[in-house]
Amino acid sequence: STADIGLIGLGVMGANLALNIAEKGFRIAVYNRTTARTREFVEAAGSLADRIVPCETLEELRDAIKPPRPIILMVAAGAAVDQQIEGLKPLLQQDDIIIDAGNANFHDTRRHMNELAGTGLQFIGMGVSGGEEGARHGPSIMVGGPEASYRRIEPVLDAIAARYKGEACQAWVGPDGAGHFVKTIHNGIEYADMQMIAEIYGVLRDGYGLSAGEIAPIFAEWNRGRLNSYLIEITAHVLSATDSVSGEPLVDMILDRAGQKGTGRWSAIESQHLSVPATTIESAVAARSLSAMKTERQLTEERFGASARGTLAPLSPEKLEMLEQALFAGKIIAYTQGFAVMAAASREFGWNTPLGTVARIWRAGCIIRSQFLGEIAKALDVATDTQNLLLTELFSGYIETSHPHLRRLVAESALAGLPVPSLGAALAHFDQLRRGTGTANLIQAQRDFFGAHGFERIDGDGTHHGNWLPLAGSEAES
Ligand code: NDP
């Protein structure tokens, strides 16, 4: 046994991660359910093949790795992970570490940890972000599980992770399912970020009547300012691509039906379980679901008409400033919500997740990477209340300047019939949050009236009931 580490699953992510590990000087043993894929992988590995040990069975894989053995699972999330763990369990020894690096639901990760408790085997749930490119040249890595197990694999993770100004974008974010939870919320924020960008694209296309080619340089320009990020950069890039078949902008030839694999939905579900509003993420998930209802949207357009094209005033430098600042404000609120969900989960499960570190390891390698995350890290380092980024000095300054633009954008879009669900949710969240006196007094009155649920008073302690009069005519009905 000569390998430092093992990897199961040579799909898109696994193959690239294995090459990354080999390139950094580690010997890696690899196994894939379909053996042909293992052979093709090694043949294509070039000079890195010297450090790769191809294995055709799990026994071979076990024997190839120096104990105690770290083994990365990079297979489809769900049943495949269960099957591989079952296969490995009887083969492994005390202190070997199974690392699930796929996009697992953190409840599954917790379940695996419970099932392996007492066997002597260790389990790590590890979020890996950055897609194919990231896996090959440096992903952002969010690790959850026993800290001692993390320390044993840290040298490998440190070598393969993305770097932001020299700092490796990998960290232990807590015990238990913390790593997969943080990865899930990363993806949830990614959903909101992408949706808001798409909403601004929609306003420019359907409201101002701009072509893809005209919108691309706007995003490219924004990428040089406060919105600088990978997602804005690729937006400018994809908007300038031409379809080789039709000669049209490629984006115009793509069906407006978005896919989803679950992490956005899990983010929304977990935020609901924790009673933390994550409405920018929820609305982004809903928008993807609605995007899939192509026929229904076409029928409704026939009945009610599409949003009127070109009804917005001509695009001026002031309008461009409004759009940029509105997107910035929306982004701030989306990240505020995402970090609040992680803060609540950390408290609920006792993870002690270092949120400043989470922001720092998202500065490079992952899909939502941006310098903005560096500012979040700075704000969180000194924040007393990590539940509300908006109240940090830095972000309260930003939102103060940008929220009037968000308000104008949402209002103008509503009047023109242009849908901006996530930006609208961001504005609504901000407006609800900054109102010390809300309207839930009425909700409590209604609940007490029909269900005797009781209410608290503003002028005293305890639970009270109203001396409600019966509805007129209710006695006659009963
Ligand atoms: P692929 O579809 O490219 O590869 C899937 C891999 O899983 C293959 O090696 C396949 O083996 C294996 N597999 C599937 N079912 C089983 C099973 N029942 N038993 C054993 N092996 C099985 O997937 P990706 O590489 O894209 O994704 C892997 C994981 O990484 C997923 O959890 C995904 O969500 C996550 N991820 C993906 C990202 C991406 O950008 N693609 C980004 C971040 C995370 P076989 O060849 O035999 O079919």
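**Group meeting: a fold and its ligand shell**

Good morning. Of the contacts in this protein with a separation of 6 or more, 69% are accounted for by residues 24 or more positions apart. Please bear in mind that what we are looking at is a predicted model.

I begin with the overall dimensions. The protein has 478 residues, for which a compact globule would have a radius of gyration near 23 Å; the value here is 26 Å, which agrees. Along the principal axes, the C-alpha atoms fill a box of roughly 80 × 65 × 50 Å. Buried residues make up 47% of the chain. In secondary structure, we have 20 helices and 10 strands.

Next, the sheet. It is open and mixed in its pairing, and 8 strands form it in the order β3-β2-β1-β4-β5-β6-β7-β10. Its edges are β3, residues 52-55, and β10, residues 170-174; each has a single partner strand, so one side of each is left without a neighbour in the sheet. From one strand to the next, the twist averages 25°.

Helix α8, residues 178-207, lies across β6, β7 and β10, and runs at about 15° to β6.

Strand β6 also holds Phe 123. This residue counts as buried because it has 24 C-beta neighbours inside 10 Å, where 20 or more are required. Leaving aside residues up to four places away in sequence, Phe 123 touches Ile 98, His 112, Met 113, Leu 116 and Gly 145. Between the C-alpha atoms of Phe 123 and Tyr 150, which are 27 residues apart along the chain, the separation is 9.7 Å.

I turn now to the ligand. There are 23 residues around it, of which Gly 11, Met 13, Arg 33, Gly 102 and Asn 103 come nearest. Which elements give two or more residues to this shell? They are α1 (12-23), α4 (79-88), β6 (122-129) and α6 (131-137).

Finally, some points of backbone geometry. Most residues other than glycine have a negative phi, and most peptide bonds are trans. Against that background, the peptide bond from Pro 67 to Pro 68 is cis, with omega near -5°. Pro 68 has its place in the loop between α3, residues 58-64, and β4.

Lys 165 has a phi near 45°, a positive value in a residue other than glycine. Its position is the loop between β8 (163-164) and β9 (167-168). Lys 165 counts as exposed because it has 7 C-beta neighbours inside 10 Å, the limit being 12 or fewer.

Asn 352, which is not a glycine either, has a positive phi of about 55°. This residue lies in the loop between α14 (317-349) and α15 (355-361). With 11 other C-beta atoms within 10 Å, Asn 352 is exposed.

Thank you for your attention.

Terms used: Residues are numbered from 1 along each chain as its sequence is written. This is a predicted model: local features need pLDDT of at least 70, side-chain atom pairs count only at pLDDT 80 or more; totals for chains, interfaces and linings use all residues. A residue is near a molecule or strand if its C-beta atom, placed from the backbone, lies within 6 Å of it. Helices (H or I, at least four residues) and strands (E, at least two) are DSSP runs, numbered from the N terminus. Two residues are in contact if their C-beta atoms, placed from the backbone, lie within 7 Å. Two strands pair if DSSP finds at least two bridges between them. Axes are lines fitted to C-alpha atoms, for helices over the stretch in contact, and angles run from 0 to 180 degrees between N-to-C directions. The radius of gyration is taken over C-alpha atoms; the globule rule is 2.2 Å times the number of residues to the power 0.38.
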